[in-house]
Amino acid sequence: MATHRRPRHRSLGGNTARTAATLALAGAATATAFEGVGHAEPQLTPAQVRTRVDTLYREAESATEKYNGAKEKADAAQRRLNSLYDETAREQARLNTARDALGTYAAAQYRDGTIAPTWQLALSSDPDRYLDGAAVAERVGDQQAGAVTRVRTQLREIERLRGAARVELKSLRGRQAELKRQKKTVTTKLTEARRLLDRLTPREREKATGAAPAHAGRAVPAARPVRAHTPAGGTAGNRAAKATGAPAVASNSRAAAAVAYAYRKLGSPYVWGATGPNAFDCSGLIQAAYRSAGVSLPRTTYAQINAGRRVSRSQLRPGDLVFFYSGVSHVGLYIGNGRMIHAPNPSAPVRVAPISQMPFAGATRVV
């Protein structure tokens, strides 16, 4: 019978050990190479960074306008909810008063007893006096019935108000959720834009964003006074202004006042969601400029473009609102000579710029 022996384990020596080590090192190198590929970011040129940052800023601005619209609606819903709460409280106070009156009637009936009116008349020592008293009691009963009716009406009204408040509260919570979503979108886009810009040198960053020093906006030679329109001026006057460099003519004194306000805000920082007085987003600057002139405008670009009469590009006058991009996500205030004042993005302050700088979407004259 053959003897069964356990096979001996051969040590990894010589060529076998070397082969195993080589394979291990190759595997480690391959893994490292794949890992590096998985986490490496492509190196973008300054021009590519500029293109990407411009896209991020447009997307962030679009989300900002949606945020502004949602906030406007949320604020309105909050005001309606507060009004409903106040009205409910007043109605509750009236209900409590009516209930107190009912309690007084009930207590009076309890003290008077429950003897039937016929027996009270039969047993009365003075029937004539009793009949007079019965007439008064009947009137009191009518008052009690009226009080009961008022209580029932007030209860129904309170329930209606509470129902309306529940609906408004649900609407408010939806608006607040939308605010949160849009805020996250804005901050994500702006964070990515900052991260890309931080990879550039100061000179490359200035070239990528078109940003100039804060005083540069004030140094633009367009800061001339803007006159209000007079019958003798008109479009011909504007053409002459373009040809001679003379002050452009605004539609009226309120448009001129809005332009003057915008000039005073040159150099102010862009802050998304801001409406002044020291920082603005694009539509916030427009709203603040016309508010200073006594004109109330909607909060968002989407609403502002419909806030007045549409005008063509060739008919523009200082004070007109000029809109850009297919989604109408950016707005500026026209100041004449093909230029506007606008709040560009977080990398650049409020400044003067040519309206040819962005895709023109339309214009509105609000006054």
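**Close-up views of a predicted model**

Of the 367 residues in the protein, 34% are buried (under 20% relative accessible area, 1.4 Å probe, protein chains only). This is a predicted model, in which local features need pLDDT of at least 70, side-chain atom pairs count only at pLDDT 80 or more, and totals for chains, interfaces and linings use all residues. Residues are numbered from 1 along each chain as its sequence is written, and side-chain values use heavy atoms, with hydrogens and water left out.

**View 1. Helix H7, residues 253-264.** H7 has 12 residues and spans 17 Å from its first C-alpha to its last, close to the 16 Å expected (1.5 Å times one less than the number of residues). Helices are DSSP runs of H or I with at least four residues, and strands are E runs of at least two, numbered from the N terminus. At the start of H7, a side-chain oxygen of Asn-252 lies within 3.1 Å of the backbone nitrogen of Arg-254. Buried residues of H7 include Ala-255, Ala-258 and Tyr-261.

**View 2. The largest nonpolar core, with 31 residues.** Such a core is a set of buried Ala, Val, Leu, Ile, Met, Phe, Trp, Tyr and Cys residues joined through side-chain atoms within 4.5 Å. Tyr-290, Leu-297, Leu-321, Leu-333, Ile-341 and Val-350 have the most contacts inside this core. Two or more residues each come from H7, helix H8 (282-292), strand E4 (321-324) and strand E5 (330-336). H7 gives the largest share, seven residues.

**View 3. Surroundings of Tyr-290.** Leaving aside residues up to four places away in sequence, Tyr-290 touches (heavy atoms within 4.5 Å) residues including Arg-254, Ala-255, Ala-258, Leu-321 and Leu-333.

Definitions and conventions: Buried means under 20% relative accessible area, exposed over 50%, partly exposed in between (1.4 Å probe, protein chains only). A polar contact is a pair of N or O atoms within 3.5 Å; within protein, one must be able to donate a hydrogen and the other to accept it, and residues adjacent in sequence count only if both atoms are side-chain atoms.
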